[in-house]
Amino acid sequence: MKITISKLKKKADKLFSIYIRQKGMRFGGWTECYTCGMIKQWKELQCSHFISRSHNATRYSEINCRPACVGCNIFKHGNMAVFAGKLLEELGEKGFKGLLKEGRKIKQWTTKELENIVRRYS
């Protein structure tokens, strides 16, 4: 049976989120919120997207995503001013503008591409 694009996207989202939240993990599973600096267990954090994940071109971009606490990601809507400032400093003006340009591209995922993302982050 062929798996649907939406189911593959859901699986890719889950695996990618785990990867992002564990990427900067310290001893014992602790990770820092990118925008406020709060230290939490990686499972208590979320995968925050600078450019919304509704923009497929940057949905699985490691440059676009960082771990964030619920306070920043949900209640402060990504804490975008801080997120932008930190990304600009980290990527430089050229890299930051490149990310913004990438986010404006139209992208439709294929089954094969999503299967590759699932494999990569498994």
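Predicted model: local features only at pLDDT ≥ 70, side-chain atom pairs only at ≥ 80, totals over all residues.
**Exercise 1. Classify the ring pair of Phe 16 and Tyr 121, and state which helices the pair links.**

Solution. The structure holds seven aromatic pairs, and this is one of them: the ring centres of Phe 16 and Tyr 121 are 5.2 Å apart and their planes stand at 85 degrees, so the pair is edge-to-face, given that plane angles over 60 degrees count as such. The pair links distant parts of the chain, since Phe 16 belongs to helix H1 (residues 5–23) and Tyr 121 to helix H4 (residues 111–121), 105 residues apart. As for accessibility, Phe 16 is buried with a relative accessible area of 1%, and Tyr 121, at 10% relative accessibility, also counts as buried.

**Exercise 2. Classify the ring pair of Tyr 19 and Tyr 121, and name the aromatic cluster that contains both residues.**

Solution. The rings of Tyr 19 and Tyr 121 have centres 5.0 Å apart and planes at 55 degrees, so this pair is tilted. It too links distant parts of the chain, with Tyr 19 in helix H1 and Tyr 121 in helix H4, 102 residues apart. Tyr 19 counts as partly exposed, at 30% relative accessibility. Finally, one aromatic cluster is formed by Phe 16, Tyr 19, Tyr 60, Trp 109 and Tyr 121.

**Exercise 3. Describe how H1 and H4 are arranged, and list residues through which they meet.**

Solution. First take the axes, which come within 9 Å and cross at roughly 30 degrees. Angles under 35 degrees count as roughly parallel, and H1 and H4 are therefore roughly parallel to each other. The crossing in which H1 passes H4 is left-handed.

Then consider the contacts: on the H1 side they include Ile 5, Leu 8, Ala 12, Leu 15, Phe 16 and Tyr 19, while the H4 residues that they meet include Leu 114, Ile 117, Val 118 and Tyr 121. Among the contacting residues are thus both members of the edge-to-face pair, Phe 16 and Tyr 121.

**Exercise 4. Which charged residues lie over the ring of Tyr 34?**

Solution. Arg 66 lies over the face of Tyr 34, at 5.1 Å from the ring centre. The charged end of Lys 86 also sits over the ring of Tyr 34, 4.8 Å from its centre.

**Exercise 5. Locate Lys 97, and give its C-alpha separation from Ser 17.**

Solution. Lys 97 has its place in helix H3 (residues 80–103), where, at 49% relative accessibility, Lys 97 counts as partly exposed. The C-alpha atoms of Lys 97 and Ser 17 are separated by 24 Å, with the two residues 80 residues apart along the chain.

Notes. Residues numbered from 1 in each chain as written. Heavy atoms only, no water. Phe/Tyr/Trp six-rings, centres within 6.5 Å; stacked < 30°, edge-to-face > 60°. Helix = DSSP H or I, 4+ residues; strand = E, 2+ residues; numbered from the N terminus. Buried < 20%, exposed > 50% of the residue type's maximum accessible area, 1.4 Å probe, protein only. Lys NZ or Arg CZ within 6 Å of the ring centre and 35° of its normal. Axes fitted to C-alpha atoms, helices over the stretch in contact; angles between N-to-C directions. Parallel < 35°, antiparallel > 145°, perpendicular 65-115°, else oblique. Left-handed = near helix turned anticlockwise from the far one by under 90°. Contact = heavy atoms within 4.5 Å.
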